[in-house]
Amino acid sequence: RKHLTSRGIPTMIYYFPRHGNKQPDIDTMAMQSKATPTSSTGESHIDRLIKGTDHPLPNLFTGIVIYFHSISSEETEYLSRYIIAYDGDIEKDLTSKVTHILCPKDMTTPLPDIELEEGSPQVVMVTWVKDCLSEGILLSTNKYLLF
């Protein structure tokens with residue numbers, strides 16, 4: 001960012017509001033360049049967000065805590081970015097907070113010793129997250145369950 005700014009290229013960092021926070025960070029918006037794209041009404045994206053006429057990313061994964069099991073580090077990193085951006089949480093260890101365990105469809109490694117009973121994490125295929133993202137809604141896990 002410093003490199004671009006020193007060359008006269010305008011830069012901006014914008015963080016989408018989370019957990020019901022309707023107002024974006026004013027300090028971040030102040031760093032915005034004057035060259036922000038505007039709509040046909042002359043309002044910038046930031047102005048529309050403040051007025052509530054433009055919406056940030058939907059909260060698809062609110063209340064969902066995901067643990068990745070036997071998934072490559074590249075895919076884990078890729079999916080983690082989306083899950084967090086859409087208001088989900090990631091756990092590095094299998095804790096009591098975990099609501100969903102993501103596994104590859106052709107899983108060969110056994111799950112850690114957990115008893116799958118009522119209220120325990122759902123063990124689902126990775127395609128569940130990918131399909132939720134492509135559909136833009138939180139889909140039922142019924143057709144993605146592994147156990």
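**View 1. Pairing of strands β1 and β2 in the predicted model.** Strand β1 (residues 65–68) and β2 run parallel and are joined by three bridges; strands pair if DSSP finds at least two bridges between them. Ile 66 has Ile 90 of β2 as its bridge partner. Helices (H or I, at least four residues) and strands (E, at least two) are DSSP runs, numbered from the N terminus. This is a predicted model, in which local features need pLDDT of at least 70 and side-chain atom pairs count only at pLDDT 80 or more, while totals for chains, interfaces and linings use all residues. Residues are numbered from 1 along each chain as its sequence is written, and side-chain values use heavy atoms, with hydrogens and water left out.

View 2. Four strands in the order β2-β1-β3-β4, with parallel pairing, make up an open sheet. Its edge strands, β2 (89–91) and β4 (122–125), each pair on one side only. On average, neighbouring strands are turned by 35 degrees against each other, direction ignored. Helix α4 (residues 73–85) lies across β1 and β2 and runs at about 180 degrees to β1. Helix α5 (residues 127–135) touches β1, β3 (100–103) and β4, and its direction makes about 70 degrees with that of β4. Axes are lines fitted to C-alpha atoms, for helices over the stretch in contact (heavy atoms within 4.5 Å); angles run from 0 to 180 degrees between N-to-C directions.

View 3. Thr 76, Leu 79, Ser 80 and Ile 83 of α4 are buried (under 20% relative accessible area; exposed is over 50%, partly exposed in between, with a 1.4 Å probe and protein chains only). These residues lie on the same side of α4, because they cover an arc of only 115 degrees around the axis, taken from the directions from the helix axis to the C-beta atoms. The cover over the buried residues of α4 includes β1, β2 and α5. Glu 74 and Arg 81, on the other side of α4, are exposed.

View 4. Two salt bridges are counted (a side-chain nitrogen of Lys or Arg within 4 Å of a carboxyl oxygen of Asp or Glu). In one, Lys 130 and Glu 75 meet at 2.7 Å, N to O. Lys 130 lies in α5 and Glu 75 in α4, so this pair ties together parts that are 55 residues apart in sequence. Glu 77 forms a salt bridge with Arg 81, with the closest N and O atoms 3.0 Å apart.
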